[in-house]
Amino acid sequence: MPRPLIPIEKARLTGYSLVHKERFRTGSNHPPAHSYPIGYPPHWLTTEAQEAWHEMTDTMPWLNRTHRGITSIAALLSGKMARDELGTSGMNLLRLCLGSMGATPSDFRRINWTPPAIEDDDL
């Protein structure tokens with residue numbers, strides 16, 4: 001079994017990226033250079049699902065354009081739950097989607113997100 005990937009930040013801090021420069025030039029452990037905002041919900045979502053989309057994007061500001069697929073699934077399931085049409089298996093799928101998005105307390109620690117600094121002009 002291969003060794004797990006070392007995050008680029010850890011490799012820079014420990015000096016490992018200087019020892020093995022070829023491993024850290026490109027690869028999946030590099031964070032994206034930029035991320036686009038998630039945008040508006042898809043037009044094919046129901047009204048309840050679109051409301052769930054907006055609620056999710058408001059409560060999870062780290063979501064970006066790459067999260068549109070999983071957010072659509074989660075919003076669709078949340079919309080069904082709002083209409084009381086979601087069974088136990090659907091709720092488990094919703095829980096898995098929310099976990100993948102970092103929306104559960106145990107999964108939030110895996111998200112490398114820091115809130116933007118609040119500038120207080122009154123001080």
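A salt bridge here is a side-chain nitrogen of Lys or Arg within 4 Å of a carboxyl oxygen of Asp or Glu. The model is predicted, so local features need pLDDT of at least 70 and side-chain atom pairs count only at pLDDT 80 or more, while totals for chains, interfaces and linings use all residues. Residues are numbered from 1 along each chain as its sequence is written, and side-chain values use heavy atoms, with hydrogens and water left out.

**View 1. Arg83 and its salt-bridge partners.** Arg83 pairs with Glu48, with the closest N and O atoms 3.2 Å apart. Arg83 sits in the loop between helix 4 and helix 5 and Glu48 in helix 3, so this pair ties together parts that are 35 residues apart in sequence. (Helices are DSSP runs of H or I, at least four residues, numbered from the N terminus.) Arg83 also forms a salt bridge with Glu85, again with 3.2 Å between the closest N and O atoms. Put together, Glu48, Arg83 and Glu85 make a network of salt bridges. Arg83 counts as partly exposed at 30% relative accessibility, and Glu48 does too, at 28%. (Buried means under 20% relative accessible area, exposed over 50%, and partly exposed in between, using a 1.4 Å probe and protein chains only.)

**View 2. The Arg110 and Asp107 pair.** A search of the whole structure turns up 3 salt bridges. One of them joins the side chains of Arg110 and Asp107, at 3.0 Å from N to O. Arg110 is exposed, with a relative accessible area of 54%, whereas Asp107 counts as buried at 18%.

**View 3. The two sides of helix 3.** Ala49, Ala52, Trp53, Met56 and Thr57 are the buried residues to look for in helix 3. Seen down the helix axis, they fall within an arc of 130 degrees, so they line one face of helix 3; the arc is that of the directions from the axis to the C-beta atoms. They pack against helix 4 (68–82) and helix 5, where contact means heavy atoms within 4.5 Å. On the other side, Thr47, Glu51, Glu55, Asp58 and Thr59 are exposed.

View 4. Ile73, Leu93 and Leu96 make a nonpolar surface patch of about 260 Å². Patch members have over 30% relative accessible area and no salt bridge, with nonpolar side chains (Val, Leu, Ile, Met, Phe, Trp, Tyr) joined within 5 Å and like charges within 9 Å. Areas come from the Shrake-Rupley method with a 1.4 Å probe; for residues, only the protein chains shown count as cover. Leu96 belongs to helix 5 (residues 88–100) and counts as partly exposed at 48% relative accessibility.
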